[in-house]
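Visitor: Hi, could you walk me through this one?
Guide: Happy to, here it comes.

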Amino acid sequence: MLEILPKCTSYDNEVKQARKLIQLKYVFLILPSIIIIALGAVLAYILRQPYLLILSAMGILYLIIISAIMTKRFDRLTKEISKKFLDYYKPNQSAVLISLMDDNKGFTPKVSAGNPLMCWMEQERLNFISSKICLLQNLKLMKCSVADFDKLINSDFGKLQVSLGDIDHYREATLVCKYGSDICRLKFADEKAFEKFIPTKEYYYASHKKEWQ
């Protein structure tokens, strides 16, 4: 059977926390620092007391300390999201990367064309999941936006499964499968995954192929 299984939801709480850190990083970091630094400078000028510039230095120290705390928290959250993602789908060590580019049954919009997928064989099924979630650990809190974060999170579409018994053949990076009484053609970027997991087949479902064409 060819189907997309439900996406992972076990990391939803960590996603909310990480997104909130991104949204509020300037509120918690930049704004208080600017206020403290400016306050120290203004008081030192008005009261003619240079030692009050120590207050400005505290603003800089606050920025460094809170930035380190928030960054560490963000890194911990993204690492936990990646871990829960992998624990949920359980790709094995034989997984390779492949990208779905087009198909005739509407799977591509759900998977996203060109989305680099992890592919592995298990229990006589080809399994495909997004690999982008693992890139979350490369994000830096102070450099990423909510849009950058959400783009990686939203790449998780669930798991596309294709039963080995439903596969007729692959050729020119196109996987041809039974789909009910019809034929489903999945066009990928290359054939590397198929060469590793599926014996080459050069025959067709002749009647179905003619009807589909």
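Visitor: What does the accessible surface of the protein chain come to, and how much of it belongs to carbon and sulfur atoms?
Guide: The accessible surface is about 12,000 Å², and 60% of that belongs to carbon and sulfur atoms. Areas here come from the Shrake-Rupley method with a 1.4 Å probe, and for residues only the protein chains shown count as cover. Please keep in mind that this is a predicted model, where local features need pLDDT of at least 70, side-chain atom pairs count only at pLDDT 80 or more, and totals for chains, interfaces and linings use all residues. Residues are numbered from 1 along each chain as its sequence is written, and side-chain values use heavy atoms, with hydrogens and water left out.

Visitor: Thanks! How many helices and strands are there in the protein chain?
Guide: There are seven helices and eight strands. Both are DSSP runs numbered from the N terminus, with helices being H or I of at least four residues and strands E of at least two.

Visitor: And what share of the residues is buried?
Guide: Of the 213 residues in the protein chain, 38% are buried. Buried means under 20% relative accessible area, exposed means over 50%, and partly exposed is in between, using a 1.4 Å probe and protein chains only.

Visitor: What about contacts between residues at least 6 apart in sequence: what percentage join residues at least 24 apart?
Guide: That would be 67%, where a contact means heavy atoms within 4.5 Å.

Visitor: Let's go to helix H1. What span should its 17 residues have?
Guide: H1 covers residues 12-28 and should span 24 Å at 1.5 Å a residue; its end C-alpha atoms are 23 Å apart, which agrees. The expected span is 1.5 Å times one less than the number of residues.

Visitor: Where is the kink in H1 centred?
Guide: On Ile22, with a kink of about 40°. The bend at a residue is the angle between axes fitted to the seven residues ending there and the seven starting there. Ile22 is also one of the buried residues of H1, along with Glu14, Val15, Ala18, Leu21 and Lys25.

Visitor: Now the strands. Why is S3 largely enclosed by the rest of the structure?
Guide: Because five of its seven residues are buried. S3 pairs with strand S2 (residues 96-103) in the antiparallel sense over four bridges, and the bridge partner of Leu97 in S3 is Met118. Two strands count as paired if DSSP finds at least two bridges between them.

Visitor: How many bridges join S3 to S4?
Guide: Six, and the two strands run antiparallel. Met121 stands opposite Leu126 in S4.

Visitor: What's in the turn of that S3 and S4 hairpin?
Guide: Two residues lie between the strands, and Gln123 in the turn has a positive phi of about 50°. Gln123 is exposed, with a relative accessible area of 64%.

Visitor: And S6 with S7: parallel or antiparallel?
Guide: Antiparallel, over four bridges. The bridge partner of Tyr170 in S7 is Leu175. S6 and S7 also form a hairpin with two residues between them, and Glu172 in its turn has a positive phi of about 55°. Glu172 counts as exposed, at 63% relative accessibility.

Visitor: Which residue stands opposite Leu175 in S8?
Guide: Leu186. S7 and S8 (residues 182-188) run antiparallel and are joined by six bridges. Their hairpin has two residues between the strands, and Gly180 takes a positive phi near 70° there.

Visitor: Last one: is Thr174 buried or exposed?
Guide: Thr174 is buried, at 15% relative accessibility, and its place is in strand S7. Leaving aside neighbours within four places in sequence, Thr174 is in contact with His169, Arg185, Leu186 and Lys187.
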